[in-house]
Amino acid sequence: MSIVEVLILFLAAFVLVTFKKLGQPLVLGYLVAGFLASPHMPYMQALGMTEHMAHESEELGAFGVMFIMFGLGLEFSFKKLGKMGAAPIVTALFIILCMMGLGYVMGMLMGFSEMNCIFLGGMLSMSSTAIINKAFGELGLSGQPFTSKVMSVLILEDIIAIVLLVMLSATARGVSDMGEILGTVMQLGIFVAVSLIVGLLVLPTFFRLIRRMVNEEMLLLISVALLMGMSFLADSLGFSTAFGAFIMGSILAETLESHRIEQVTLPLKNYFGAVFFVSVGMMVNVDTLVTYWQPIVILVLTIMVGQAVFGTLGYLIGGQPLHSAVRSGFAMAQIGEFSFIIAGVGINTITAGGASAINPELYPIIVATSVITTFFTPYMIKGADPAYRLLSGVLPQSLLDKLSNEKTAKSADGEPTTAFARFWDRLFTHAKMETGNLPRHCGHDIAVSELLVTEGDLYDGKTLREVLAMEANPFHPIGLTPAGNIKAFEEIAPDYVFRPGDHVRAVAKEMM
C-alpha cells in the first residue's frame, strides 16, 4: 500500500465526518473526497499519484456498482413489477425519448456534429440507478411508495440502455440492417427469462437444503459467488455486469435467506460503493471545468430541468398522482454510469471514415456533468415538495383534482388478469413454496403468509410493536400473530418477542 492510497482513505474519512457534522448527504462527501484526491491535484502529483492509480480506483469502483445493484435487487420485486403492467414501461420510454430529443436539440444549438448530438441524446436520457438508490437511503425515503415506482422505471431504463448501446453503435458504423438490434433484444429477453425461471426453481430449493448447516461466513461466500457468477455471465453475453448483479439480487430476494444475505453483504456494499463514488469524484479535472464550462453548465441545466419536467409528465402518464410524479421526476435529475458507457462506446466505435463516432472531448464534459448533477441530486429530491406546493397554488383546482388521483388499473379481486401475469404470479409463488413462505391471496391485495423466523433475519429479536413500525418490513401488516394462536390480533401482547424457529402468520396488505 502506498502513501497515496493511505491519504485517499484519510481524506475520505475526514470529508465524510465533516459532511455528517454539517448534515449533508454522504454521497456528496464521497464526491468531494474523490475530487480532493484526484490525480489532477498538484499535491497528489507531488506524492506520486498517477492516472494509472486513478484507473485502478475506477476498476474497484466497478465492484461498487455491482454490489449496489445487487443490494437493489434484494429489495426489488419482479413479481410486483409484473403486476404493475405497462405503466413503468410507458414512463421509461416517454422519459428516454423526450430526453434523447432534448439532448439532440441542445447539441445542435451548441454546434456539435449530428453523430455527436445523437450520442449526446443517449447520454442525457439515462438516470443513475446507483446514485438515486444511495440518495434515497441517505434521505430516509427508501420505504416510501413513490421510491418503488422510481426504481422500477430505473431498472427498465437500464434494460433499454443495453439495447440503446447496440443501436447507437450500429448507427455510428452505418449499419442499416435491424437484424443485429433485434438479435440483441431477443438475447436480452432470453437471458432475463431463463435467469429468473432457472433461478427461482433452483436457488430456493438449494437454500432450503443447506439452511441448517450454513453460517454467516458460508452465506457471504455463496452470495458473492452467485453475484460474481451472474455478473460474469451477463458480461460474457454482452450485457453489463451491473445488470447481471441486479438479476441475481432479485432472484435471491425470493428466498427465505434474503434478509440474512442483505445483512452479510452490507459491509461489502458500503465499502465498494464508497470506492465507486470516490472514483467518480476523481474523474473531475479542474482544467476541463475551466475550458468547457459553458457546455457543462448548459448540459447540467438541460438534465435537471428536462428530467424534472419530462420525468414528472412521464410518471403522470404512467398513472401516478401529481405529488408522487413530481417527487419521482425530480429524483431522476442526474446522469451516471450508463452515460459513461455510452460515451466510451462512441469514442471506441470507428465510423466508415476511420474516425471515432464522437469527439473524444465529449467524454470529460459528460463526466463533469455527471458529477455536478450527482452533487445536486439530494437537493433536487428535497426540492420536489416545494415545487409541488408551487404547482398546487398555480394550477386550477379542477385540473389539480384530476392530477391528484392515482389511475392504476387493477382487477376486481386483485388477481392477475392475463395469462402471462398468472404465470408470473405462479413462478414467484413456487419460489415462496420452496422456502416455506407461501402467500395465499384472499382479497384485494390481501395475502396470508406463513413466515419462519430465522436467526438474524428481519423479525429475530423484535417485538410485535417494533415489527409493525419497521419501514423495511416487506408487508404493511393488518395483523401479525404467532401461527396457531387463535386470539384476535388486538389481544396479542405488543411486547411479544419473535425468536428463531417461530412460525408466524401475517395477514398483510402488500405494498405496491
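1. What covers the buried residues of helix α19 includes α16 (322-331) and α18 (362-382). Helices here are DSSP runs of H or I with at least four residues, numbered from the N terminus. The model is a predicted one: local features need pLDDT of at least 70, side-chain atom pairs count only at pLDDT 80 or more, and totals for chains, interfaces and linings use all residues. Residues are numbered from 1 along each chain as its sequence is written, and side-chain values use heavy atoms, with hydrogens and water left out.

2. Helix α19 spans residues 384-394, and its buried residues are A384, A387 and Y388. Viewed down the axis of α19, these fall within an arc of 100°, so they line one face of the helix. The arc is taken from the directions from the helix axis to the C-beta atoms. R389, L390 and G393 are exposed on the other side of α19. Buried means under 20% relative accessible area, exposed over 50%, and partly exposed in between (1.4 Å probe, protein chains only).

3. The largest nonpolar core has 119 residues, and F136 and I366 have the most contacts inside it. Helix α9 (residues 145-172) gives the most to this core, with 15 residues. Such a core is a set of buried Ala, Val, Leu, Ile, Met, Phe, Trp, Tyr and Cys residues joined through side-chain atoms within 4.5 Å.

4. With neighbours within four places in sequence left aside, I366 is in contact with L120, M123, L124, L299, I335, S339 and F340. Contact means heavy atoms within 4.5 Å.

5. Rings of Phe, Tyr and Trp (its six-membered ring) pair if their centres lie within 6.5 Å; planes under 30 degrees apart count as stacked, over 60 as edge-to-face and the rest as tilted. By this rule there are seven aromatic pairs. One of them joins F375 and F376, which are edge-to-face at 5.8 Å centre to centre, with 85° between the planes. F375 is partly exposed, with a relative accessible area of 30%, and F376 is partly exposed at 35%.

6. F375 also forms a tilted aromatic pair with Y379, at 6.3 Å centre to centre and 45° between the planes. F375 and Y379 are four residues apart in helix α18, so about one helical turn separates them. Y379 is partly exposed, with a relative accessible area of 34%.

7. One aromatic cluster is formed by F63, F67, Y271 and F272.

Notes:
Helix = DSSP H or I, 4+ residues; strand = E, 2+ residues; numbered from the N terminus.
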